[in-house]
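Me: I have just opened a structure that is new to me. Could you walk me through how to read it, feature by feature?

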Amino acid sequence: MSLAPLPGRTVRAGRPGLRGTLLVLPAVVPALFVLGGGIGAAVAQSLGLLPLIGPVRLSLDAYTAQAGALPVSIAVSLGIATASTAIAAVVGFAAALVIVSGRWGGRIVAIISAATVTVPHLVGAAAIGLLLADSGLLPRLLGIDADAWPRLVGGPWWVAVVAEYAWKESAFVALVVAGTLATRVASFDETAALLGAGRLKRLRFVMVPLCLPALVVSSAIVFVYTLGSYEVAWLLGRSYPEPLPVMALRLFDSITLTARPEAAAVAVVTTAISLAVVALAFLALRRTALWR
Amino acid sequence: MSIQARSLTADPQRADVGRLRLPGDPGSRLTDSRGAGRVGRVLSAALLAAWFVVPLVPLALWAFADRWSFPAVLPSVWGTDGLESAIAQGAVPAFWRSLALGLVVAAIATPLGAAAARALTMGMVPWPRAVGLVLLAPIALPPFAAVMGLNVVLLRAYVPPLAGLVLVLVVIALPYTTFAMRVAYAAHDIGFEEEARTLGASPWTVLWRVHIPLVAPALARAAFLAFLVGWSDYIVTVIIGGGTVVSLPLVIASSAAGIGNDSAVAILSLTAILPPLALLLLLGLAGRRGAASRRSRPDPDPIDPRTARSRLHEPGAAR
């Protein structure tokens with residue numbers, strides 16, 4: 001680092017140049033390789049340009065081969081992601097409000113939600129399974145017979161899958177929203193109270209607008225994560241219909257030679273949906289009041 | 001509504017957000033809840049705490065349950081069958097493998113993210129928005145999609161599975177480390193480093209004695225997030241590792257997919273939860289100690305650049 005004490009030469013007024021480029025390259029090159037190479041190869045494979053054996057032939061066969069199952073999988077994935085994101089956003093927002101209230105209750109919620117964020121999703125899935133299955137802790141506590149207990153794990157409504165995502169990701173939303181709120185919320189909230197705003201009005205006109213950008217960003221991250229995550233739906237879901245990642249991995253591991261391009265096609269479809277959701281989130285972010 | 005005198009705080013220092021307020025403290029904020037509102041607040045805090053804790057309760061109960069037949073609310077026979085079964089399934093080597101994977105990912109992704117964040121924050125990068133987007137992009141894309149395509153590329157380039165796995169996990173960790181370090185560098189005062197250079201310190205000395213100590217808490221946070229990526233990954237290890245790298249999540253998955261080994265699953269799950277929790281605790285304690293030592297330092301250390309700088313900024317001090 002050459003921070004020579006020459007007048008007018010400080011790093012804060014740094015200009016784009018070779019130094020900065022060299023500092024970001026070690027991070028940017030692997031990222032471009034993994035994302036560009038990975039998505040590029042998936043697109044090429046799905047179009048028949050990277051066959052394991054046989055001639056290279058441009059075709060949409062991989063997409064049309066699963067024409068029956070693919071729309072159902074898209075619907076299931078979107079449904080799970082929407083339900084999980086909605087619950088996580090509402091619970092996470094409530095938890096953030098409790099955290100920034102700054103009382104001991106808020107501090108406990110902050111510590112517990114920080115601990116929840118560190119739990120691997122696979123462990124969360126195993127735990128939710130032990131809680132909600134027909135021989136789980138919840139039917140034992142409620143004294144409901146295994147036959148009378150609704151099929152939450154592996155059932156038609158994906159309840160256990162949504163519960164796991166909502167549980168883990170609400171902790172994530174809470175930490176992100178509380179982190180952006182903590183710096184400025186006290187003065188705004190106090191000022192509004194001094195000017196005569198009641199509890200509901202402060203929530204509606206102070207808290208919600210202050211939280212909205214962080215809430216939109218974290219919800220978009222949760223949605224995209226849920227859409228592309230494999231292990232929870234695989235462990236707690238049912239075998240048909242399958243969410244997109246489960247379908248892709250089943251095709252990927254299949255011994256049929258035509259299945260690899262079909263797995264790549266499912267991967268490309270999932271990527272396209274994720275990018276569309278991120279683009280929508282950016283549009284929503286621009287409409288929030290606090291966006292510069 | 002009427003404004004009561006006791007609700008106005010005269011001393012601005014007392015308006016701290018995070019400070020514990022005790023009954024009898026002078027002044028109480030207008031936003032403090034009283035009566036029914038207070039009950040509601042305590043109740044909602046308790047409900048939220050339960051929401052976060054309850055899913056983990058079965059793990060704790062199952063871990064040392066040798067027999068727990070259905071209608072019983074508590075295990076009927078306690079024991080260590082689950083522990084023995086978990087060890088027989090290879091929990092111990094898998095634990096060390098996962099720990100090594102997490103540490104390697106953290107050791108690589110943290111400096112890469114820090115360097116990129118510094119260059120981005122200081123405005124030293126051409127096309128900063130594009131570079132920032134590339135480094136955040138891994139969070140917006142489904143990892144299994146990129147990894148399925150990349151698998152072909154890595155196989156054709158003869159990259160060993162372990163190297164490919166570390167590469168992908170580092171890229172997945174980069175958004176977290178870059179973001180954590182960008183936040184830190186945005187609040188970082190480059191003046192400390194300039195002054196150390198002015199006083200004759202070499203660039204290396206500045207890096208090790210001034211720059212890194214100042215951003216150390218943020219580096220620890222970034223490294224923790226990167227560790228979590230390597231520690232908890234399942235799908236990338238399955239696809240890229242191709243079964244050659246059996247990490248702890250893989251053992252948990254194969255155990256959980258079977259039937260009848262609930263206590264082994266619980267033991268394995270607790271094994272996967274505890275190391276990150278211990279790190280989080282260390283991080284919290286270190287942060288608290290750092291904050292305490294900054295607050296209660298009676299005699300400013302003249303070599304400490306923080307106090308040195310604040311002295312330079314005192315009125316009358318020659319710069």
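Reply: Happy to! Let's begin with confidence. Chain B averages a pLDDT of 83, and 81% of its residues score at least 70. Keep in mind that this is a predicted model.

Me: Where in chain B is confidence lowest, and where is it highest?

Reply: Here is the general idea: where pLDDT is low, the predicted coordinates should not be read in detail. In chain B, the lowest confidence falls in helix α13 (residues 305–312), with a mean of 44, while the highest is in α4(B), at 96. Over residues 1–12 of chain B the pLDDT stays under 50, and the model has 8 contacts for them beyond four places in sequence. Residues 298–319 of chain B are also below 50, with 14 contacts in the model beyond near neighbours in sequence.

Me: And what is the mean pLDDT of chain A?

Reply: For chain A the mean is 88, and 93% of its residues reach 70 or more. Residues 1–13 of chain A have a pLDDT below 50, with 18 contacts in the model beyond near neighbours in sequence. For the model as a whole, the scores are ipTM 0.89 and pTM 0.86.

Me: Let's turn to the fold. How many helices and strands are there in chain B?

Reply: Chain B has 13 helices and 2 strands. Of its 319 residues, 39% count as buried. Now take the contacts in chain B with a separation of 6 or more: 71% of these come from residues 24 or more positions apart.

Me: Could you show me one such residue up close? Is B:A65 buried or exposed?

Reply: B:A65 sits in strand β1 (residues 65–67) of chain B. It counts as buried because it has 21 C-beta neighbours inside 10 Å, and the cut-off for buried is 20 or more. Leaving aside neighbours within four places in sequence, B:A65 is in contact with B:P75, B:W78 and B:S263. With B:S263, the separation is 198 residues in sequence but 6.3 Å in space, C-alpha to C-alpha.

Me: How do I read two helices that pack together?

Reply: Two packed helices are described by the angle between their axes and the distance between the axes. The residues in contact include B:G102, B:A106 and B:G113 of α4(B), and B:A222, B:A226 and B:G230 of α9(B). By class, this contact has 14 nonpolar, 5 polar and no charged residues.

Me: What about a helix pair with one member in each chain?

Reply: Look at helix α1 (residues 18–46) of chain A and helix α5 (residues 128–136) of chain B, which pack at an angle of about 55° with their axes 9 Å apart. Therefore α1(A) and α5(B) are oblique to each other. This crossing is left-handed. On the α1(A) side we find A:V24, A:A27, A:V28, A:A31 and A:L32, which meet B:V131, B:V134 and B:L135 in α5(B). By class, that contact has 8 nonpolar, no polar and no charged residues.

Me: How many residues does the contact take from chain B and from chain A?

Reply: The contact takes 92 residues from chain B and 95 residues from chain A. On the side of chain B that touches chain A, the residues divide into 74 nonpolar, 11 polar and 7 charged.

Conventions. Residues are numbered from 1 along each chain as its sequence is written. Chains are lettered from A and ligands numbered from 1 in the order in which they are written. This is a predicted model: local features need pLDDT of at least 70, side-chain atom pairs count only at pLDDT 80 or more; totals for chains, interfaces and linings use all residues. Two residues are in contact if their C-beta atoms, placed from the backbone, lie within 7 Å. Helices (H or I, at least four residues) and strands (E, at least two) are DSSP runs, numbered from the N terminus. Ala, Val, Leu, Ile, Met, Phe, Trp, Tyr, Cys and Pro count as nonpolar, Asp, Glu, Lys and Arg as charged, and the others, Gly among them, as polar. A residue is buried if 20 or more other C-beta atoms lie within 10 Å of its own, exposed if 12 or fewer, and partly exposed in between; C-beta atoms are placed from the backbone. pLDDT is the predictor's confidence in each residue, from 0 to 100. Axes are lines fitted to C-alpha atoms, for helices over the stretch in contact, and angles run from 0 to 180 degrees between N-to-C directions. Angles under 35 degrees count as roughly parallel, over 145 as roughly antiparallel, 65 to 115 as roughly perpendicular and the rest as oblique. A crossing is left-handed if the near helix is turned anticlockwise from the far one by less than a right angle, and right-handed if clockwise.
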